[in-house]
Amino acid sequence: MDSTPTTRSAAPRRPNARGQGELLREEIVSCAVQMLDELADDEALSLRAIARALSISPTSVYLYFPDRDALVLAAMQRCHEDMVQTASVAEARYEAPASRLRARILAQAAWAQEHAGLYKVMHESKASRRPGMPFKEALLARTAAAIQECIDAGAAPPGDPLTLALDLRAAVIGMLSLRINEPNLPWPPLAEQVDRFLSKLVGLPPSTQPDDRGL
C-alpha cells in the first residue's frame, strides 16, 4: 500500500497550455520538495503519490522524470539553490567579512532547522551519496570565498580557505544532523556553537553580534 502522504487535495486539474510544460515540471519538483520534507526519506517518496497530489496522471510525471531518483535529484538541487540564496541574502546585511561569514553559516543552520526532513534527505539519504551532483559544490565554494575574505581582511589567520571550508562544513553538518536526530540532548544555543566552530576552525575572534542568539 502506498503510504506516501498527499500534500494537496486532488481537485480536477486543467491541462497546461501549449508551451507551458516547464511549469508542470516545476510544480512536480515543488510537490516533491514538500513531500520529502514531511517524509524525511527519499525512498518513501512515490511518483504516483506526486501525481495524485497534483491531479495528473502518473504518465505526466514520467514524462519529466524517468524514475524516483531523478525526481529526488531535482528536488535536492532546488533545496541547495535555496540554501545558497538564503545564505547570500543573510550575508549581504553586513560589511565586515567575519560578520558576513557568520551570517552565512547561521542562515544555513536556520534553513536546516526549518526544513529538518529535507536536510536529512540532502545529507543522510542514499540519494545524497550519489556522484555527479555539482550543485552541491556551490555552498562549499561560497563558504571558501567568504573565509578567503576574512583572511584577506586580517580577521582570520592565513590558511587554505578550501580546507577550512571543508572543516567547517563537516562540523556544521554533523552538528545539525545530531540536533535533528537527537533533539533531547542538552544542546547549547546554536549560534554559540557556530561561533565556537568559527573561532576554533577558522580563527575568527569571538563574535560581538547580538542577533541570532535564539537559534
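Student: What makes the pair of glutamate 26 and arginine 25 a salt bridge?

Tutor: In this predicted model, the closest N and O atoms of glutamate 26 and arginine 25 are 3.6 Å apart. The cut-off for a side-chain nitrogen of Arg and a carboxyl oxygen of Glu is 4 Å, so the pair counts as a salt bridge.

Student: Why is glutamate 26 called partly exposed?

Tutor: The relative accessibility of glutamate 26 is 31%. Buried requires a value under 20% and exposed a value over 50%, so glutamate 26 falls in between and is partly exposed. Arginine 25, at 25%, is also placed in the partly exposed class.

Student: How many salt bridges are there by this rule?

Tutor: The count comes to eight.

Student: How do you know that glutamate 91 and arginine 104 form a salt bridge?

Tutor: The N to O distance between their side chains is 3.1 Å. As the limit is 4 Å, the pair therefore qualifies.

Student: Which residues are linked with Glu91 in a network of salt bridges?

Tutor: The network joins Glu91 with Arg100, Arg104 and Glu149.

Student: What makes aspartate 195 and arginine 102 a salt bridge?

Tutor: Their closest N and O atoms are 2.7 Å apart, which lies within 4 Å, so this pair too is a salt bridge. Here aspartate 195 lies in helix α9 (residues 190–202) and arginine 102 in helix α5, so that distant parts of the chain, 93 residues apart, are linked. Aspartate 195 and arginine 102 are both buried.

Student: How many helices and strands are there in the protein?

Tutor: The protein has nine helices and zero strands, and along the sequence the pattern reads α-α-α-α-α-α-α-α-α. Of its 215 residues, 42% count as buried.

Student: Why are α5 and α8 called roughly parallel?

Tutor: Their axes come within 11 Å and cross at roughly 30°. Angles under 35 degrees count as roughly parallel, and α5 and α8 are therefore placed in that class. The crossing of α5 and α8 is right-handed. At this contact, Ile105, Ala109 and Ala112 in α5 meet Leu168, Val172, Leu176 and Ile180 in α8.

Student: How do you know whether histidine 80 is buried or exposed?

Tutor: Histidine 80, which has its place in helix α4, has a relative accessibility of 1%. This value is under 20%, so histidine 80 counts as buried. Leaving out residues up to four places away in sequence, histidine 80 touches Met122, Phe135, Lys136 and Leu139.

Student: Why is alanine 90 called buried?

Tutor: At 11%, the relative accessibility of alanine 90 is under the 20% cut-off, so this residue is buried. Alanine 90 is likewise found in helix α4. Alanine 90 and arginine 100 are ten residues apart in sequence, and their C-alpha atoms are 7.7 Å apart in space.

Student: Which residues in the largest nonpolar core touch the most other members?

Tutor: Of the 62 residues in that core, these are Ile28, Ile50, Leu71 and Leu101. At least two residues of this core come from each of α1 (21–39), α2 (47–54), α4, α5, α6 (116–124), α7 (137–152), α8 (161–181) and α9.

Student: Which residues is leucine 71 in contact with, leaving aside its neighbours within four places in sequence?

Tutor: Leucine 71 is in contact with Ile28, Val29, Ala32, Leu45, Leu47, Ile50 and Phe65.

Conventions: Residues are numbered from 1 along each chain as its sequence is written. This is a predicted model: local features need pLDDT of at least 70, side-chain atom pairs count only at pLDDT 80 or more; totals for chains, interfaces and linings use all residues. Side-chain values use heavy atoms; hydrogens and water are left out. Buried means under 20% relative accessible area, exposed over 50%, partly exposed in between (1.4 Å probe, protein chains only). Helices (H or I, at least four residues) and strands (E, at least two) are DSSP runs, numbered from the N terminus. A nonpolar core is a set of buried Ala, Val, Leu, Ile, Met, Phe, Trp, Tyr and Cys residues joined through side-chain atoms within 4.5 Å. Contact means heavy atoms within 4.5 Å. Axes are lines fitted to C-alpha atoms, for helices over the stretch in contact, and angles run from 0 to 180 degrees between N-to-C directions. Angles under 35 degrees count as roughly parallel, over 145 as roughly antiparallel, 65 to 115 as roughly perpendicular and the rest as oblique. A crossing is left-handed if the near helix is turned anticlockwise from the far one by less than a right angle, and right-handed if clockwise.
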